[in-house]
Amino acid sequence: MTPFRRFEWGSKEYSRAFGCLLRCSDERAALVPLLEAQLAALPSASVAVDWGAGSGDLTGLLARRCPKTFAVEPSLPMRAILRERLPAVTLLEGDLRSAAPPTPVDFALLAHVLYHLPDEEWPLLVGRLLEHLRPGGRLCVVMKSGPSGCRDMLERFGARGFDLEERLASVAAGAQDATARAVELSATIRSSRYQEVEQLARFMMCDRGEQEFASPPTEEEFADYVRSHFWDDARGVGGWAYRVCVWTLTRA
């Protein structure tokens, strides 16, 4: 039996899988209008920061509205893409624990980043990001939430699912100078290529660290799971549905 092969975070292989996710998910069709509505309400000279910018798709959305936009992205391959795609965006050194915009921020985005950090750190980290907002500034946190095919897969192999609502509700309750509002979106991952479906399922397995799987699969078990749960051989199509929770925390 072959041990399960993980994508190493920050590798080119991981970056390619991320690009595949952007092509195969319809999440942005619902998320982008929601973000655009929030950005449209900002003053014209607003400052924005994307905490975990990836390849810059959503960073560009911020930059079109905010003349001063910062990006935090520790992955070297992703940073190279950001520099090429968005030369006017200022890349900050560090990560969620250490990066610091040099000026108070009007709008901050934290999209699909918390998976890669211990759950118990989420309240502290979100609290730290709130401190960088000016009064009236907003922090928008985006994350998969609730039952989904990828969550079922993680739990099948012994890793915990994610409970964004519970964690961020505790942050909102403890933040005396912030109010919170949640919106839920529906999304689907779909591809007519089995190789892409398997690539994306492997990418989702990286949402939890290797040590967090009580019974990590072998390559054979993983492939069998993908074929039986995510792929319809008769129709030649695969994927799964999921939900996205968008929490907006506004600093008083």
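How many bridges join strand β1 to β2, and do the strands run parallel or antiparallel? I looked this up, and 5 bridges join β1 (residues 47-51) to β2, with the strands running parallel.

**Entry 1. Ground rules**

I noted that this is a predicted model, in which local features need pLDDT of at least 70 and side-chain atom pairs count only at pLDDT 80 or more, while totals for chains, interfaces and linings use all residues. Residues are numbered from 1 along each chain as its sequence is written, and side-chain values use heavy atoms, with hydrogens and water left out.

**Entry 2. Strands and crossovers**

I took helices (H or I, at least four residues) and strands (E, at least two) as DSSP runs numbered from the N terminus. Two strands pair if DSSP finds at least two bridges between them. In β2, the bridge partner of valine 49 is phenylalanine 70. I then followed the chain from β1 through helix α3 (residues 57-65) to β2, and this β-α-β crossover is right-handed. Right-handed means that, with the strands pointing away from the viewer, the path from the first strand over the helix to the second runs clockwise.

I next examined β2 and β3, which pair in the parallel sense over 3 bridges. Phenylalanine 70 stands opposite threonine 90 in β3. The chain crosses from β2 through α4 to β3, and this β-α-β crossover is right-handed.

I also checked how enclosed β2 (residues 68-72) is; 4 of its 5 residues are buried, so the strand is largely enclosed by the rest of the structure. Buried means under 20% relative accessible area, exposed over 50%, and partly exposed in between, with a 1.4 Å probe and protein chains only.

**Entry 3. A loop residue**

Is alanine 88 buried or exposed? I found alanine 88 in the loop between α4 (76-85) and β3 (90-92). Alanine 88 counts as exposed because its relative accessibility is 70%. The C-alpha atoms of alanine 88 and tryptophan 122 are separated by 30 Å, and the two residues are 34 apart along the chain.

**Entry 4. The two sides of helix α9**

Which residues of helix α9 (residues 219-229) are buried? I recorded Glu219, Phe222, Tyr225 and Val226 as buried. They lie on the same side of α9 because they cover an arc of only 130° around the axis. The arc is that of the directions from the helix axis to the C-beta atoms. On the other side of α9, Asp224 and Ser228 are exposed.

I then asked what covers the buried residues of α9; the cover includes α6 (149-156), α8 (194-205) and β7 (231-232). Glutamate 219 is buried, with a relative accessible area of 19%. Not counting residues up to four places away in sequence, glutamate 219 touches Thr2, Pro3, Phe4, Arg5 and Arg202. Contact means heavy atoms within 4.5 Å.

I paired rings of Phe, Tyr and Trp (its six-membered ring) if their centres lie within 6.5 Å; planes under 30 degrees apart count as stacked, over 60 as edge-to-face and the rest as tilted. The count comes to 7 aromatic pairs. The pair of tyrosine 225 and phenylalanine 230 is edge-to-face, because their ring centres are 5.8 Å apart and their planes are at 75°. Tyrosine 225 counts as buried at 9% relative accessibility, and phenylalanine 230 counts as buried at 4%. Ring pairs link Phe157, Tyr225, Phe230 and Trp240 into a cluster.
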